[in-house]
Amino acid sequence: MRRARRLRPAILAAALLLGALGTTPAAATPATPAAAGTPAAALADSWSAPLSTRGRYIVDAGGNRFKLKSANWQGAQGSWSGSGDINDPASHHDGEKADQMPLGLDRAPIARILAGFHELGINSIRLPFSNEMLHDPRPVSDASVAANPQLRGKTPLQVFDAVIAATTAEGFAVILNNHTITSRFCCGLDGNERWNTSQSTAQWENDWINLARRYKDNKRVVGVDLYNEVRRTITDDPNWNWGNDHDWWAASQRLGDRLLTEANPDLLVVVEGINWQGIPADGLPHGRPTLEPVRTLSHTLVASNKLVYAAHFYGYTGPNHTGATGMGETHDPRYQDLSREDLFATLQRQAFYVSAETGRHFTAPVWISEFGIGSDESNPKARAWFGNFVDYLIANDTDFAYWPLVGWAGHGTWSILNFDAQGRRSGILDGADWRATDWNRLVSSPQKTGQVAVSDTWNMLNLDHADAVQSARVRALGDWDSGARKGTCPDGQRLVGLSHRDGRGLCSDAGARGLAATGPAPTVVRDERHVQQGDWAGGYTKYQCGPNQFVTGYSVRGQAVSAVLCAQAGRTLGTNGRTVWFDRGDNRPAGGPGGEFAPGNYKGQCATDEYAAGIAFTGAWAKGKTPDAVLCRKL
């Protein structure tokens, strides 16, 4: 199959000279607010940016629940199928030629399209784009924006600017989604399988940093969905924590932190799980991991209240089924083949547990950022799946985004708003569409509203391959133990758990929010000068924090303890304590609060009414200076 067109070096150079992505035009900021008494004004008045998270919920600036009731306005990610004449609509997905712009701008004015969004009852838009679109300096054709003449002469990115400005001015929240690298319809063996399949990781990161800065002043651009449906290439799989250049956990962790520290601290960072691994053939290992790896290795962002996990579900795919028919099809069941009970259990295992299980390092909002079905679907199993899936979204009060939102009448059947060549609208709002009943149930279903209580936060630190310095304050201090791998809890949290090997840690603010003092900088401890009140680990070396200090970080060299990082508390801390040994087995509070953070390793953990005051280890034969005990003291 022929690959999607690439921008020639001369065109890329022209784009850089024009500053196509690096500038922040007026169109990147919100347009004039909507008039009072309109649906747009009502939506705008119903929430305030920025968004953040509290436990399993997304909240607005006032701490009120903001449920993402979304749909995908596709097109800017590309519509070309990868073969045939790129200028021929027949060579584009469903015959809908998007020209690297949100679909429908040739058929209806933006204002009319957005009016339909209000009628649908949604409050937010997932807006896909391709990296190729960002750098294309060529103006769009007049025909492609025939219904919006104000967009004539603009580049695809400038059209993207205008669409975002108009959408956010109507009160909608916008979440940007890096859907593809090349402007080609997703998703197969198309050169867009990973964030770095057809470009470098550095280019991917730089595009995101520039885009986040571009829309920083538009507070209703609330989030970034880092990459769409990470999956296998012909020869290799993406992975979760192998430490190589196909490591999706590491790539998304690094970029999420960069976006929050270098571009826009207000953004939600949306991370999808791995969409596919393995060769889809009977007898060979293959499957759809989705969010299952998150249970034992989640992300800890430098701002821990900015993480949202996402997953996609379609009835024709399955937990071990690609969705293919014919070549690439296996005998594994599709989701629509599962009974209602088995479907719900599978959904829970693959994704929904992340928000259902509270008090864990992985607890976060889950956004089902793609699901959908065609209006012409006649398969009873497929229709039943859609109804069951909507039931599950409602029962779990789950954030969602339907795919796709806008289409051309008489072409694709999955979109819910369609426009014909004369601009006449059809779809769920305008006639006999069997999906309307389920859609209306979904957007009008009971949900949690109002204030969301602040809950205990749990996060894990992963030093398997690199540093995990997740405190903005500590990052500003520079390298506090050169050559060692360092872990530091996010600001506002303390270290409560540690693994015997491999440098995993568990952080929390449970029982003591706002424990750290705002003045003194953390101190590094590499000796026993602060050991107090007797020998709490006889025969072992003990790195202990000073009076009214608590452990907020640690470092290792290989498996050996190198140093402890101690933060000053803003109040007097207790001195009564106990030694928690974990060199021969787990030693954790009942129920393992915070969840499994170091599978296959012994772990020690303080109780929620305690703080870690020190770490003990020994260089005795066969011990290797690995962490063996933690001094836990009452708060």
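This is a predicted model: local features need pLDDT of at least 70, side-chain atom pairs count only at pLDDT 80 or more; totals for chains, interfaces and linings use all residues.
Reader: Which residues of helix α3 are called buried?

Author: In α3 (residues 110-120), they are Ile110, Ile113, Leu114, Gly116, Phe117, His118 and Leu120. Buried means under 20% relative accessible area, exposed over 50%, and partly exposed in between (1.4 Å probe, protein chains only). The helix and strand names come from DSSP runs (helices H or I, at least four residues; strands E, at least two), numbered from the N terminus.

Reader: Why is strand β4 described as largely enclosed by the rest of the structure?

Author: In β4 (residues 124-130), 7 of the 7 residues are buried, so the strand is largely enclosed. Ser124, Arg126, Pro128 and Ser130 point one way from β4, while Ile125, Leu127 and Phe129 point the other way, and all are buried.

Reader: What makes β3 and β4 a pair?

Author: Two strands pair if DSSP finds at least two bridges between them. Strand β3 (residues 69-72) and β4 have 3 bridges in the parallel sense, so they meet that rule. Ala71 stands opposite Ile125 in β4.

Reader: How do you know that β19 and β20 pair too, and in which sense do they run?

Author: Strand β19 (residues 494-499) and strand β20 (residues 505-508) are joined by 4 bridges and run antiparallel. Leu498 stands opposite Gly505 in β20. Both strands belong to an open sheet of 4 strands in the order β16-β20-β19-β26.

Reader: What makes β16 and β26 the edge strands?

Author: Each of them, β16 (458-461) and β26 (603-605), pairs on one side only.

Reader: Why are α8 and α9 called oblique to each other?

Author: The axes of α8 (residues 340-356) and α9 (residues 380-395) cross at roughly 50° and come within 11 Å. Angles under 35 degrees count as roughly parallel, over 145 as roughly antiparallel, 65 to 115 as roughly perpendicular and the rest as oblique. The two helices are therefore oblique. Axes here are lines fitted to C-alpha atoms, for helices over the stretch in contact, with angles from 0 to 180 degrees between N-to-C directions.

Terms used
Residues are numbered from 1 along each chain as its sequence is written. Side-chain values use heavy atoms; hydrogens and water are left out.
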